[in-house]
Amino acid sequence: MVLCPVCDAEIDVDEDELDEGDTITCDECGSELRVVSVDPLELEPVEEEDEEEEENLGYEDDEEEEEEEEDENWK
């Protein structure tokens with residue numbers, strides 16, 4: 001059992017199933033939490049900037065290509 005660092009609610013997780021870097025969601029407040037340590041189990045809130053970076057991985061090249069195509073269409 002571990003406490004949510006955002007709302008202090010108890011989170012029921014199987015600690016043996018978690019690895020550093022995994023993310024879980026607090027059932028009480030809905031915060032996304034990252035495992036920073038497994039012994040002892042320690043969680044930290046995932047920053048919004050981190051989420052945006054993860055979502056954008058691999059998409060930057062596509063966006064640049066689309067912008068180049070749009071620029072060519074204006075010519």
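Biologist: How many disulfides does the structure hold?
Modeller: It holds 0 disulfides, where a disulfide is a pair of cysteine sulfur atoms within 2.5 Å. Cys 4 is in no disulfide, and the nearest cysteine sulfur, that of Cys 26, is 3.8 Å away. Keep in mind that this is a predicted model: local features need pLDDT of at least 70 and side-chain atom pairs count only at pLDDT 80 or more, while totals for chains, interfaces and linings use all residues. Residues are numbered from 1 along each chain as its sequence is written, and side-chain values use heavy atoms, with hydrogens and water left out.

Biologist: Are Cys 4 and Cys 26 buried or exposed?
Modeller: Cys 4 counts as buried, at 0% relative accessibility, and Cys 26 is buried too, with a relative accessible area of 2%. Buried means under 20% relative accessible area, exposed over 50%, and partly exposed in between, with a 1.4 Å probe and protein chains only.

Biologist: Which residues make up the largest nonpolar core?
Modeller: There are 10 residues in it: Val 2, Cys 4, Ile 11, Leu 18, Ile 24, Cys 26, Leu 33, Val 35, Leu 41 and Leu 43. Strand 4 and strand 5 each supply at least two residues of this core. By core I mean a set of buried Ala, Val, Leu, Ile, Met, Phe, Trp, Tyr and Cys residues joined through side-chain atoms within 4.5 Å. Strands are DSSP runs of E, at least two residues, numbered from the N terminus.

Biologist: What does Ile 11 touch?
Modeller: Leaving out residues up to four places away in sequence, Ile 11 touches Met 1, Val 2, Leu 3, Cys 4, Ile 24, Cys 26, Leu 33 and Leu 43. Contact here is heavy atoms within 4.5 Å.

Biologist: OK, on to the sheet. In what order do the strands run?
Modeller: The order is 3-4-5, in an open sheet of 3 strands with antiparallel pairing. Two strands pair if DSSP finds at least two bridges between them. Strand 3 (23-25) and strand 5 (41-45) stand at the edges with a single partner strand each, so one side of each has no neighbour in the sheet.

Biologist: How many bridges join strand 4 to strand 3, and to strand 5?
Modeller: Strand 3 and strand 4 (residues 32-38) pair over 3 bridges, and strand 4 and strand 5 over 5 bridges. Leu 33 takes part on both sides: Ile 24 stands opposite it, and in strand 5 its bridge partner is Pro 45. Strand 4 and strand 5 form a hairpin with 2 residues between them.

Biologist: What sort of peptide bond leads from Asp 39 to Pro 40?
Modeller: A cis one, with omega near 5°. Pro 40 is in the loop between strand 4 and strand 5. Most residues other than glycine have a negative phi, and most peptide bonds are trans.

Biologist: Where is Asp 8 found, and what is its phi?
Modeller: Asp 8 is in the loop between strand 1 (2-3) and strand 2 (10-11). Its phi is positive, near 65°, and Asp 8 counts as exposed at 55% relative accessibility.

Biologist: Last topic: how many salt bridges does a search of the whole structure find?
Modeller: It finds 1 salt bridge, meaning a side-chain nitrogen of Lys or Arg within 4 Å of a carboxyl oxygen of Asp or Glu. The side chains are those of Arg 34 and Glu 44, at 3.4 Å, N to O. Arg 34 is in strand 4 and Glu 44 in strand 5, 10 residues apart. Arg 34 counts as buried at 16% relative accessibility, whereas Glu 44 counts as partly exposed at 32%.

Note on methods: Helix = DSSP H or I, 4+ residues; strand = E, 2+ residues; numbered from the N terminus.
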